[in-house]
Amino acid sequence: MIARTRSALPLMTRSALIALAALALPACVGSYTGPVEVTRFVAEQRSEIGQGPIVLYFPDEMSNELAQAIFADAVESELSALGYTIVDQEGAGIQVATIRTSRTPLAAGSSRGPVSVGVGGGTGGYRSGVGVGIGINLGGGQQGPNVLSELSVRISGPDGASLWEGRAQQPVSMKSPYADVDASARALAAALFKDFPGGNGETVSIDVDDL
């Protein structure tokens, strides 16, 4: 099996970038912060989930190294708290956490219904700055959301079989404190792994105050 190293930055560099991101926290006056919508799928065999060594892997190239470092740190923290041991390289007996993130701009002045999360994909955001979400229906207005932030993680066994998959999405305005990349990553990761592994096929809505 070809070794596959996780796409991440040196610890000192990551720490410095995360500290800089905290300085860019936007004002929350007149802001909109939606709940985090989480959808999860769990394999029938759950004995391997939540334990053992695991490596983080970003399959999509991300030009925004700051965002990648922040999301890697947020996911690492949650997986470690669950009982996983984070390692740097794939190998025998090592699970793989495949991470994708995006931030999708929403049409201004939308008056459609509430948030609805479907299974599918998203492009852009932290990788390119543009993108289209799939399976998303968002309300809006001047006090409504401007962007949809997303984090998805797929945990695979050493044989490549999917053990667990989850997606967390949150609509926010640009004045929301959760428009900040660090706050967004922490909220999305915390919601994604809350009550892990969760029910197979379930979709739950989690208020940020409950994280």
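Predicted model: local features only at pLDDT ≥ 70, side-chain atom pairs only at ≥ 80, totals over all residues.
Biologist: Among contacts between residues at least 6 apart in sequence, what percentage joins residues at least 24 apart?

Modeller: The protein has 211 residues, and buried residues make up 43% of them. For contacts in the protein between residues at least 6 apart in sequence, the share that joins residues at least 24 apart is 78%.

Biologist: Are helices α2 and α3 roughly parallel or roughly antiparallel to each other?

Modeller: Helix α2 covers residues 65–82 and helix α3 covers residues 181–192, and the two pack with their axes 9 Å apart at an angle of about 30 degrees. Angles under 35 degrees count as roughly parallel and angles over 145 as roughly antiparallel. The two helices, α2 and α3, are therefore roughly parallel.

Biologist: What is the handedness of the crossing in which α2 passes α3, and how many nonpolar residues does their contact have?

Modeller: The crossing in which α2 passes α3 is right-handed. By class, the contact of α2 with α3 has one polar residue, four charged residues and, as the number you asked for, 10 nonpolar residues.

Biologist: Which residue lies 9.7 Å from Ala69, C-alpha to C-alpha, although 113 residues separate them in sequence?

Modeller: Ala69 is found in helix α2, where its relative accessible area of 1% means that Ala69 is buried. The residue that is 113 positions away in sequence, with 9.7 Å in space from C-alpha to C-alpha, is Asp182.

Biologist: Which aromatic residues form one cluster?

Modeller: A search of the whole structure finds three aromatic pairs. One of them joins Trp164 and Phe196, with 5.1 Å centre to centre and 50 degrees between the planes, and this pair is tilted. Phe193 and Phe196 also pair, with ring centres 5.9 Å apart and planes at 45 degrees, so this pair is tilted. The residues that form one aromatic cluster are Trp164, Phe193 and Phe196.

Biologist: How many residues apart in sequence are the parts that the pair of Trp164 and Phe196 ties together?

Modeller: Trp164 lies in strand β8, residues 162–172, whereas Phe196 lies in the loop between α3 and β9, the latter being 203–206. The pair therefore ties together parts whose separation in sequence is 32 residues.

Biologist: Are Phe193 and Phe196 buried or exposed?

Modeller: Residues under 20% relative accessible area count as buried, and those over 50% as exposed. Phe193 has a relative accessible area of 4%, and Phe196 has one of 17%. By this cut-off, Phe193 is buried, and Phe196 is likewise buried.

Biologist: Is the peptide bond from Phe196 to Pro197 cis or trans?

Modeller: Pro197 is found in the loop between α3 and β9. The peptide bond that leads from Phe196 to Pro197 has an omega near 5 degrees, and this bond is cis.

Biologist: Which residue has a positive phi of about 55 degrees although it is not a glycine?

Modeller: The residue is found in the loop between α3 and β9, and its relative accessibility of 61% counts as exposed. The non-glycine residue with the positive phi of about 55 degrees is Asp195.

Biologist: How far apart are the C-alpha atoms of Ala161 and Ala43?

Modeller: Ala161 lies in the loop between β7, residues 147–156, and β8, and at 35% relative accessibility Ala161 counts as partly exposed. Not counting residues up to four places away in sequence, Ala161 touches Arg154, Ile155 and Ser156. Ala43 is 118 residues from Ala161 along the chain, and their C-alpha atoms are separated by 9.2 Å.

Biologist: Which residue is 76 residues from Arg103 in sequence and 9.6 Å from it in space, C-alpha to C-alpha?

Modeller: Arg103 lies in strand β4, residues 95–105, and at 14% relative accessibility Arg103 counts as buried. The residue at 9.6 Å from Arg103, C-alpha to C-alpha, and 76 residues away in sequence is Ala179.

How values were computed. Residues numbered from 1 in each chain as written. Heavy atoms only, no water. Axes fitted to C-alpha atoms, helices over the stretch in contact; angles between N-to-C directions. Helix = DSSP H or I, 4+ residues; strand = E, 2+ residues; numbered from the N terminus. Parallel < 35°, antiparallel > 145°, perpendicular 65-115°, else oblique. Left-handed = near helix turned anticlockwise from the far one by under 90°. Nonpolar A, V, L, I, M, F, W, Y, C, P; charged D, E, K, R; others polar. Phe/Tyr/Trp six-rings, centres within 6.5 Å; stacked < 30°, edge-to-face > 60°. Buried < 20%, exposed > 50% of the residue type's maximum accessible area, 1.4 Å probe, protein only. Contact = heavy atoms within 4.5 Å.
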